[in-house]
Amino acid sequence: MEFHRQIKKNARASLKGCWGQAIAIFFTIIGVYLLISALEQALYFLLGLSGFQDVLNTPDFYLDDELSIDLWSVLCTGFSSLLLFLLGAPLTAGSAGWYFRLSAGSADAPLGFEGLFIPFTSGKRYLRILGAAFLLGFRSVLWGMLFLIPPACLASFFQWAGKNDSLPFSIMLIDLGSVASWILFSVAIFALVIFLQRYYLVYYLLADRPQTPVLRIVSTSVKMMKGHKWESFSLKLSFLGWQILSILVLPMLYVMPFYYASMAIYARYVIESFQRIQMGDIPLQPEVELEPEPEAEPLEDDGKTKEYAFSDLQEQMRQK
């Protein structure tokens, strides 16, 4: 898709000269998650706990084990989950803000590695990001229940009906209903993933509008993403091959910065397109057709400002 190619070309251009910082940010976030996981495992070891229980007493077979729900296991898991939330959400927001500033293409933007830790620089900013992360998680759970509970209940009903011989249903009808309910459940998951793209812009708007209340940030993301949810999902899906390749460590060092830069470029495109629509500069359309142009040469660095060769996409965005 031509639109995807333009986004990715601009992402590669934006990362020119910043790959080292992008890789350092990636390793920092991964390192924090690994340290928290290691801390959880250390607590389990010191307290003599196990995350799973061998209920059927089959030590050589692990697939039938059940999650351990004793008090100390729950407390250890809850502690590590709380740490992930308290550190992971601000780091995710800091990374999104770093890439969003990078997508502007200006050397005056604060693109240093320390930009990752901007959410920790003030208590107000930190709590604002935690509030946004909690609100997103809460809303996602509610929407997930709305989308998934009805087909799950339908599948459970047919599973129960198959074990109850007293019901006046034929075996073929029950089997067809069971298959149809699981197909409906799969479709509901797919629809939910696309629907939740309405919150795609939240972390980018938090960086772009630091004084805007969180509830308004969320509602603005929903409004801006109207007509763009499938577009953003398809852009993420276009990285599937790259994500599979990133199973190997070395390709991951290229894939992940490339992916996050592309997401930030697309976020800026949606935000600036919406702003131009609000100002009446372009017609109200869900998509803007882009005509390919030859890639421009980067301007020489005068020591003050450097504009990356953001060909096609951002150039046309400025001209609109």
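How much accessible surface does the protein have, and what share of it belongs to carbon and sulfur atoms? The accessible surface comes to about 18,400 Å². Carbon and sulfur atoms hold 68% of that. Areas follow the Shrake-Rupley method with a 1.4 Å probe, and for residues only the protein chains shown count as cover.

## Basis

This is a predicted model: local features need pLDDT of at least 70, side-chain atom pairs count only at pLDDT 80 or more, and totals for chains, interfaces and linings use all residues. Residues are numbered from 1 along each chain as its sequence is written, and side-chain values use heavy atoms, with hydrogens and water left out.

## Fold

The protein has eleven helices and two strands. Both are DSSP runs numbered from the N terminus: helices are H or I with at least four residues, strands E with at least two. Their order along the sequence is α-α-β-β-α-α-α-α-α-α-α-α-α.

Of the 320 residues, 40% are buried (under 20% relative accessible area).

## Nonpolar patch

F45, L46, L47, L71, W72 and L75 form a nonpolar surface patch of about 750 Å². Nonpolar side chains (Val, Leu, Ile, Met, Phe, Trp, Tyr) are joined within 5 Å, like charges within 9 Å.

α2 (19–46) and α3 (71–102) each supply at least two patch residues. α3 gives the most, with three. L47 lies in the loop between α2 and β1 (52–53). L47 counts as partly exposed because its relative accessibility is 45%, between the 20% limit for buried and the 50% limit for exposed.

Terms used
Patches are made of residues with over 30% relative accessible area and no salt bridge: like charges are joined within 9 Å, nonpolar side chains (Val, Leu, Ile, Met, Phe, Trp, Tyr) within 5 Å. A salt bridge is a side-chain nitrogen of Lys or Arg within 4 Å of a carboxyl oxygen of Asp or Glu. Buried means under 20% relative accessible area, exposed over 50%, partly exposed in between (1.4 Å probe, protein chains only).
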